[in-house]
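Here is a short report on aromatic rings and a surface patch. Look at the model first, then read on.

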Amino acid sequence: MTDASVLRDFTQPDELSDLTLVIGGTPLHVHKQYLAEWSPVWRQMFLEECSSPQDLHEIAMPDKNLQEVTELLHCIYSTQKPISDANVRFLLELSDEFKINRVKERCEQFLKNQECSLGNLVIAEKYNLRSLYKRCMEHAKTKTLEELDSSVECKKLSQKTLLKIYHDKIEMLRDYSKDLTQKDRQTLKDCDTLKMEKENMKRSLQSIQVLWESPSKRCFRHIADSAFNYSCADCNEKIYFEVRKLCGEGQHLRRYFPKQLDKKSST
Ligand SMILES: [Zn+2]
């Protein structure tokens, strides 16, 4: 619908147009009743401008920009031109001035679909766009102090909004610091547990290691030897049995490699 050919040409009157807005010498032919429905400000203006609204045929708008007002008219007439980067700023200003809430809401929706920025926060504050304001405030508190201090946009914000940004920022950092303290405590606890497990593991390994040094764990022929006889099949068999016994209950395996053990037992 943005094609220029389907857009209404307001410089040409139609059978029902009963009012001209004159901007810089150019007449824009519009419909009183229609505009009045969109804007309470216009409605008031039409009623107050002259004693009988029927006699009102022309309103001069010397301080307005022809292209911008035309764009606004395109947005409220049935052509419903879409809001864009090119028109959103002045459409907001005009719809705010003439209280054309439906256009204002469309502008806000358009800005809400954009990435949050300090620039949009300035706009949200200026035109009292609450939903956009809230969203951009969430974004603003994530900026660094340096970014906030050096931002030109921040200088356009009210003291109240600035204070709220810094306040939210402090709160966010406080939560973050609480979170870190908690994590730190948990890490210390985990560290203690790991130390204990490491000691237990060492003990288990040592108890296996001493098997080769204990004469009672050898076969009867080598029970009196000063060292383990690795070439004796019976001694090796006995050691194998002892190691199996230690591992048999699988306590240390379950404790240190629980996941691997689960996998084995399930396959
Ligand atoms: Zn032996």
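This is a predicted model. Start with a charge over a ring: R102 sits above the face of W38, 4.0 Å from the ring centre. W38 also belongs to an aromatic cluster, together with F10, Y34 and Y77.

How many aromatic pairs does a search of the whole structure find? The search gives five. A pair of aromatic rings is described by the distance of the centres and the angle of the planes. Two of the pairs are set out here.

| Pair | Centre to centre | Angle between planes | Arrangement |
|---|---|---|---|
| W42 and F98 | 4.8 Å | 25° | stacked |
| F228 and Y230 | 4.9 Å | 70° | edge-to-face |

Take W42 and F98. Their planes are at 25°, so this pair counts as stacked. W42 is in helix 2 (residues 40-49). F98 is in the loop between helix 4 (88-97) and helix 5 (101-112). The pair therefore ties together parts that lie 56 residues apart in sequence. Both W42 and F98 are buried.

Y230 is exposed, because its 58% is over 50%.

Last, the surface. L173, Y176 and L180 make a nonpolar patch of about 310 Å². L180 is found in helix 9 (residues 159-209). L180 has a relative accessibility of 44%, so this residue counts as partly exposed.

Key
Residues numbered from 1 in each chain as written. Predicted model: local features only at pLDDT ≥ 70, side-chain atom pairs only at ≥ 80, totals over all residues. Heavy atoms only, no water. Phe/Tyr/Trp six-rings, centres within 6.5 Å; stacked < 30°, edge-to-face > 60°. Helix = DSSP H or I, 4+ residues; strand = E, 2+ residues; numbered from the N terminus. Buried < 20%, exposed > 50% of the residue type's maximum accessible area, 1.4 Å probe, protein only. Lys NZ or Arg CZ within 6 Å of the ring centre and 35° of its normal. Patch = residues over 30% accessible without salt bridge, like charges linked within 9 Å, V, L, I, M, F, W, Y side chains within 5 Å. Areas by Shrake-Rupley, 256 points an atom, 1.4 Å probe, with all protein chains shown as cover. Salt bridge = Lys/Arg side-chain N within 4 Å of Asp/Glu carboxyl O.
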